[in-house]
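User: I have a structure open and would like to go through it with you. Can we start with the loops and then do the sheets?

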Amino acid sequence: MILRLKGLPNPRQAEFFCSGARHTAYGGARGGGKSWAMRRKLVLLCLAHPGLNVLLLRRTLPELRENHVIPLLKELKDAASYNAAERVFRFPNGSRIRLGYCDNANDVYQYQGQEYEVIGLEEATHFTEEQMQFLTTCNRTTRRDFSPRMYYTCNPGGVGHGWVKRLFIDRAYRAGERPEDYVFIPAKVYDNPALITADPEYLRQLENLPEELRRAYLDGDWDVLAGQFFREFSRERHVVQPFDIPKWWRRFRSVDWGYNDPCAVLWHAADGEGRVYTYRELYLRYTRADQVAEKIRELSEGEDIAYTVASPDMWQKRGAVLKSCGGFEGESIAELFALSGVPLTPADNSRIAGWQRVRSYLADAADGMPRLQIFSCCENLIRTLPALVFDSRNREDAADGEDHAPESLRYGLMSRPAPGTEAKPKAERPYDPFSAEEEKGGDFLAK
Ligand SMILES: Nc1ncnc2c1ncn2[C@@H]1O[C@H](COP(=O)(O)OP(=O)(O)O)[C@@H](O)[C@H]1O
Ligand SMILES: [Mg+2]
């Protein structure tokens, strides 16, 4: 077997390699060489321990492909065979690395009953605590010569920020957790000379980020992104299985335009009682305005859509962006949508009032159920809504991030009445047997 692994670990990566603790996290700044270290560590373990069973997980398939499948195919060209259907690298000594992703909350359960001596969780803060806890139950072995362990890489922010910070930064342990099982190795982009030499522009980009994100992504500061913006969001309470929507419910759509960033389109339906069901999403990148509009029409076939609200910048965007979308200098993206059969109405873009509106729809209505229900097929909305974090400079606003689906939701809900201001049915009077009306036999007997 010929295996020429290029590159030597920097001192932080070497520390990561040397850790055999039950849980080792390598985290902090972006570009510090975390993914590289994760891949290399797992390969070295496979080579050193014949027959080793390793699982490497990322939250989504495209990230998994970009970050691991493609680099591993290159790095292990002559050293391991790859089965694309199973997403497994097999080494001649019997070791194997299985790659997987967990897009949906329940995707982790596919690993139920399986045994992995090593589990690598890439971008661990994108996983929920329940997912991590479940995965630790698959991290076991009957071998006597190897102690099972998990390796994590992570950046601050995201839905798992809280548990990663608790275990590895704050070291605030609960009963049953042993402090000596948790090792944290901080990563800084400056630790990674390979990247700084090859791509100095990347470092400049990190240095020029807004304060909030710069402290998190460049300095690896775990306190700035501590706050999840929508703490009230709960998969159990806000996500529902799709069902047939009654024909008479009012349907409408919302669009947050993006070309390089994803364009997020949501379909909503309001029942007669002020509850909104977000029942479909379209999340596309690098797609021309007319093509997005075409897709929207296709998906809405046979549905009566009352209106479509859209980000007001769609009336301003012109020029280069527009030309790449197939339009002329003078036309706005909104016009292109209209020409393609999807007329738009500018959304109310007041951010703070809008987030407040989202919050009031996440809250319960009088019947004890949240006013907003999201169909489980709206995966990007469900993934990114709980990942929004507070903007530290303005605690009423959310920080920039992957916020396209939440923004689209905000536009959609701003087109609806604020809860509590809808036209109400006549308030019900509690039954009081001693009231004069009841004594008379009350109106209701007559009805
Ligand atoms: N020790 C190393 N030797 C050579 N290249 C490295 C090394 N560490 C990281 N790199 C390269 O630096 C870049 C950034 O590393 P990556 O692991 O993706 O960072 P992170 O996951 O922390 O954002 C990648 O191109 C990676 O291949
Ligand atoms: Mg990475």
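User: Where is Glu-123 found?

Analyst: Glu-123 is in the loop between β6 and α4 (129-138). Keep in mind that this is a predicted model.

User: Is Glu-123 buried or exposed?

Analyst: Glu-123 has 22 other C-beta atoms within 10 Å. The cut-off for buried is 20 or more, so Glu-123 counts as buried.

User: And what is the phi of Glu-123?

Analyst: Glu-123 has a positive phi of about 50°, although it is not a glycine. Most residues other than glycine have a negative phi.

User: Which loop holds Tyr-286, and what is its phi?

Analyst: Tyr-286 sits in the loop between β12 (276-284) and α10 (289-299). The phi of Tyr-286 is near 50°, again a positive value in a residue other than glycine.

User: Buried or exposed, for Tyr-286?

Analyst: Exposed: Tyr-286 has 12 other C-beta atoms within 10 Å, and a residue with 12 or fewer is counted as exposed.

User: What about Gln-112, where is its place?

Analyst: Gln-112 belongs to the loop between β5 (96-101) and β6 (118-121). Gln-112 is exposed, with 9 other C-beta atoms within 10 Å.

User: How far is Gln-112 from Cys-138 in space?

Analyst: The C-alpha atoms of Gln-112 and Cys-138 are 6.9 Å apart, while the two residues are 26 apart in sequence.

User: Zooming out, how many helices and strands are there in the protein?

Analyst: The protein has 17 helices and 17 strands. Of its 447 residues, 40% are buried. Among contacts with a separation of 6 or more, 71% are between residues 24 or more positions apart.

User: Now the sheets. What is the order of the open sheet of eight strands?

Analyst: The order is β3-β4-β5-β2-β6-β7-β1-β8, and the pairing is mixed. β3 (81-83) and β8 (182-187) are at the edges with a single partner strand each, so one side of each has no neighbour in the sheet. On average, neighbouring strands of this sheet are turned by 15° against each other, direction ignored.

User: How many bridges join β3 to β4?

Analyst: Three, and the two strands run antiparallel. Ser-81 has Arg-90 in β4 as its bridge partner. Helix α1 (residues 11-18) packs on this sheet, where it touches β1 (23-28) and β8. The direction of α1 makes about 165° with that of β8.

User: And what order does the open sheet of seven strands have?

Analyst: That one runs β9-β15-β12-β11-β10-β13-β14, with mixed pairing. Its edge strands, β9 (239-240) and β14 (345-346), each pair on one side only.

User: In which sense do β13 and β14 pair?

Analyst: Parallel, over two bridges. Val-309 stands opposite Thr-345 in β14. Helix α15 (residues 404-414) packs on the sheet and touches β10 (250-256), β11 (263-270), β12 and β13. Its direction makes about 135° with that of β10.

User: Last topic, the ligand. Which residues come nearest to ligand 1?

Analyst: Gly-7, Gly-33, Lys-34, Ser-35 and Ala-194 come nearest, out of 16 residues around ligand 1. By class, that shell has six nonpolar, eight polar and two charged residues.

User: Which helix gives the most to that shell?

Analyst: α2, with three residues. Both α2 (34-48) and α6 (193-198) supply at least two residues of the shell around ligand 1.

Definitions and conventions
Residues numbered from 1 in each chain as written. Chains lettered and ligands numbered in written order. Predicted model: local features only at pLDDT ≥ 70, side-chain atom pairs only at ≥ 80, totals over all residues. Near = placed C-beta within 6 Å. Helix = DSSP H or I, 4+ residues; strand = E, 2+ residues; numbered from the N terminus. Nonpolar A, V, L, I, M, F, W, Y, C, P; charged D, E, K, R; others polar. Contact = placed C-beta atoms within 7 Å. Pairing = 2+ DSSP bridges. Axes fitted to C-alpha atoms, helices over the stretch in contact; angles between N-to-C directions.
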